[in-house]
Amino acid sequence: GPIVSIPTQQLLLRWQRAAEFSCDRAALLVAQDFKVVVSVIMKLCGGSSKSSFNESLNVDTFLLQAEELEREKRTNPMRGGVVGALNNAVATHPAPLSRATEIQKWAHSATYTGLLARATDNSIKE
């Protein structure tokens, strides 16, 4: 039988997906430009090291696709509810469009701007 029960596996996968969001947030704190982070997400999910491929990526178009998906989830509960839960059931990473949406939201949040302000205040005092 399995070493870990299915509910435990689900919890570990959920934690792993949450850790990816945390990594994206850490990347934003370093880059301080959410579009740079989204660009990296796109390159990671595209899996190409060819510069011609990377140059053809369009962050703004990707973000539009992410917005369309979010709108679809709101207007079609099946897409965001049951289908989304099934897709996440075995996923080790959040969907790239979801990562783009979440990092964009966090980039505009009071938490993020507060962290940046605190970091700036600390660097001035030193």
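This is a predicted model: local features need pLDDT of at least 70, side-chain atom pairs count only at pLDDT 80 or more; totals for chains, interfaces and linings use all residues.
Biologist: How many helices and how many strands does the chain have?

Modeller: Helices (H or I, at least four residues) and strands (E, at least two) are taken as DSSP runs, numbered from the N terminus. Read along the sequence, the pattern is α-α-α-α-α-α-α. The count is therefore seven helices and zero strands.

Biologist: What share of the contacts with a separation of 6 or more comes from residues 24 or more positions apart?

Modeller: Contact here means heavy atoms within 4.5 Å. With that criterion, residues 24 or more positions apart account for a share of the contacts with a separation of 6 or more that comes to 72%.

Biologist: Which residues does Ile103 contact, leaving aside its neighbours within four places in sequence?

Modeller: Ile103 is among the residues with the most contacts inside the largest nonpolar core. Beyond its sequence neighbours within four places, Ile103 is in contact with Asp24, Arg25, Leu28, Phe34, Val37 and Val38.

Biologist: Why is H4 described as roughly perpendicular to H6?

Modeller: Axes are lines fitted to C-alpha atoms, for helices over the stretch in contact, and angles run from 0 to 180 degrees between N-to-C directions. Angles under 35 degrees count as roughly parallel, over 145 as roughly antiparallel, 65 to 115 as roughly perpendicular and the rest as oblique. Helix H4 (residues 59-75) and helix H6 (residues 96-107) have axes 9 Å apart, and H4 is roughly perpendicular to H6 because they pack at an angle of about 95 degrees.

Biologist: How many nonpolar, polar and charged residues make up the contact of H4 with H6?

Modeller: The contact is made by Phe62, Leu63, Gln65, Ala66, Leu69, Glu70 and Lys73 of H4 and by Pro96, Leu97, Ser98, Ala100, Thr101, Gln104 and Lys105 of H6. Ala, Val, Leu, Ile, Met, Phe, Trp, Tyr, Cys and Pro count as nonpolar, Asp, Glu, Lys and Arg as charged, and the others, Gly among them, as polar. By these classes the contact has seven nonpolar, four polar and three charged residues.

Biologist: Is Glu70 buried or exposed, and which residues does Glu70 contact?

Modeller: Glu70 is placed in helix H4, and at 18% relative accessibility Glu70 counts as buried. Leaving aside neighbours within four places in sequence, its contacts are Thr101 and Lys105.

Biologist: At what angle do H2 and H4 pack?

Modeller: In this pair, Phe34, Lys35, Val38, Ser39 and Met42 in H2 meet Val59, Asp60, Phe62 and Leu63 in H4, and the residues of the contact divide into six nonpolar, one polar and two charged. The axes are 10 Å apart, and the packing angle is about 85 degrees.

Biologist: Which residues does Glu20 touch, not counting residues up to four places away in sequence?

Modeller: Glu20 is found in helix H1 (residues 6-31), and at 18% relative accessibility Glu20 counts as buried. With residues up to four places away in sequence set aside, Glu20 touches His93, Pro94 and Arg99.

Biologist: What distance separates the C-alpha atoms of Gln16 and Ala91?

Modeller: Gln16 also lies in helix H1 and, at 31% relative accessibility, counts as partly exposed. Gln16 touches Thr92 and His93, not counting residues up to four places away in sequence. Although Gln16 and Ala91 are 75 residues apart along the chain, their C-alpha atoms are separated by 9.1 Å.

Note on methods:
Residues are numbered from 1 along each chain as its sequence is written. Side-chain values use heavy atoms; hydrogens and water are left out. A nonpolar core is a set of buried Ala, Val, Leu, Ile, Met, Phe, Trp, Tyr and Cys residues joined through side-chain atoms within 4.5 Å. Buried means under 20% relative accessible area, exposed over 50%, partly exposed in between (1.4 Å probe, protein chains only).
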